[in-house]
Amino acid sequence: MATRFYSCSLIPARPTSGSVLNKYSLLPNPRISITRRHTTLVSSSSSSSSFTLRASVSSAATSTAVDGTISSTKPSKSLPFRVGHGFDLHRLEPGYPLIIGGIDIPHDRGCEAHSDDVLLHCVVDAILGALGLPDIGQIFPDSDPKWKGAPSSVFIKEAVRLMHEAGYEIGNLDATLILQRPKLSPHKGVIKANLSELLGADPSVVNLKAKTHEKVDSLGENRSIAAHTVVLLMRK
């Protein structure tokens with residue numbers, strides 16, 4: 001049976017009529033108009049701090065336009081909710097108390113760190129992060145005698161004050177503790193209750209989990225303890 005070969009060529013597109021071209025040539029270019037509008041805003045700025053802020057907004061707007069997606073660059077003054085994540089890790093050393101969530105947990109070693117509580121430090125960082133504030137080390141530096149050796153409950157009360165001052169409250173909070181020993185199952189209830197009280201939140205919106213590290217690295221070798229926290233803040 002003979003094999004047949006076929007060839008083909010691209011069919012040129014039908015020329016567009018002059019009326020259609022004229023119709024679309026009258027439409028404004030959204031990229032040009034957006035860039036021009038934000039350039040005007042930058043030029044009219046009077047202070048250096050305001051200029052820096054508006055310049056960054058202009059840059060974002062330009063990149064948005066080039067990508068073909070147009071969105072508002074006006075910052076929201078009142079977000080309905082905010083999400084924050086916190087992480088902390090403390091070394092465990094013999095001769096120190098192990099405090100978790102404000103509760104003294106029986107163990108042969110504890111945290112050697114600025115203040116004393118890995119869980120509360122983690123929760124504070126999550127709240128500060130949700131509010132768009134610096135981390136706990138910047139707001140409560142250990143170099144400041146005011147905070148040196150202060151109990152972690154002081155930090156969390158201050159974070160809660162800042163949260164309410166900004167007009168938010170706890171929507172829900174989920175925390176995970178990572179340590180090899182001791183087992184926290186007998187203590188989770190009292191830790192959760194105390195954490196809820198410190199936050200001024202209903203216990204139903206506070207969740208606490210605990211996991212080992214399968215004997216891997218310092219966490220699994222009982223030489224450290226870590227915590228992760230995710231918090232949702234809701235506008236009052």
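**Helices, salt bridges and a nonpolar patch**

The chain holds eight helices and seven strands. The model is a predicted one. Of its 236 residues, 33% count as buried. Taking contacts between residues at least 6 apart in sequence, 72% join residues at least 24 apart.

One helix pair can be followed in detail. Two packed helices are described by the angle between their axes and the distance between the axes. For helix α6 (residues 152–165) and helix α7 (residues 188–199), the axes come within 9 Å and cross at roughly 45°. Angles from 65 to 115 degrees count as roughly perpendicular and those under 35 degrees as roughly parallel, so α6 and α7 are classed as oblique to each other. On the α6 side the contact is made by Ser153, Ile156, Lys157 and Val160, and on the α7 side by Leu195, Leu198 and Leu199.

The next topic is charge pairing. Side chains of opposite charge can pair when their charged atoms come close. With a cut-off of 4 Å between nitrogen and carboxyl oxygen, the count comes to five salt bridges. Asp174 and Lys209 form one of them, with an N to O distance of 2.8 Å. This pair links distant parts of the chain, since Asp174 lies in strand β5 (residues 168–178) and Lys209 in strand β6 (residues 206–211), 35 residues apart. Asp174 counts as partly exposed because its relative accessibility is 29%, and Lys209, at 26%, also counts as partly exposed.

Asp108 and Arg109 meet in a salt bridge through their side chains, at 3.9 Å from N to O. Asp108 has a relative accessible area of 51% and is therefore exposed. Arg223 pairs with Glu221, and their closest N and O atoms are 2.7 Å apart. Arg223 is partly exposed at 42% relative accessibility, as is Glu221, with a relative accessible area of 46%.

The elements giving two or more residues to the patch are β1 (81–94) and β7 (224–235). Val83 belongs to strand β1. Residues over 50% relative accessible area are called exposed, so Val83, at 52%, counts as exposed.

Definitions and conventions:
Residues are numbered from 1 along each chain as its sequence is written. This is a predicted model: local features need pLDDT of at least 70, side-chain atom pairs count only at pLDDT 80 or more; totals for chains, interfaces and linings use all residues. Side-chain values use heavy atoms; hydrogens and water are left out. Helices (H or I, at least four residues) and strands (E, at least two) are DSSP runs, numbered from the N terminus. Buried means under 20% relative accessible area, exposed over 50%, partly exposed in between (1.4 Å probe, protein chains only). Axes are lines fitted to C-alpha atoms, for helices over the stretch in contact, and angles run from 0 to 180 degrees between N-to-C directions. Angles under 35 degrees count as roughly parallel, over 145 as roughly antiparallel, 65 to 115 as roughly perpendicular and the rest as oblique. Contact means heavy atoms within 4.5 Å.
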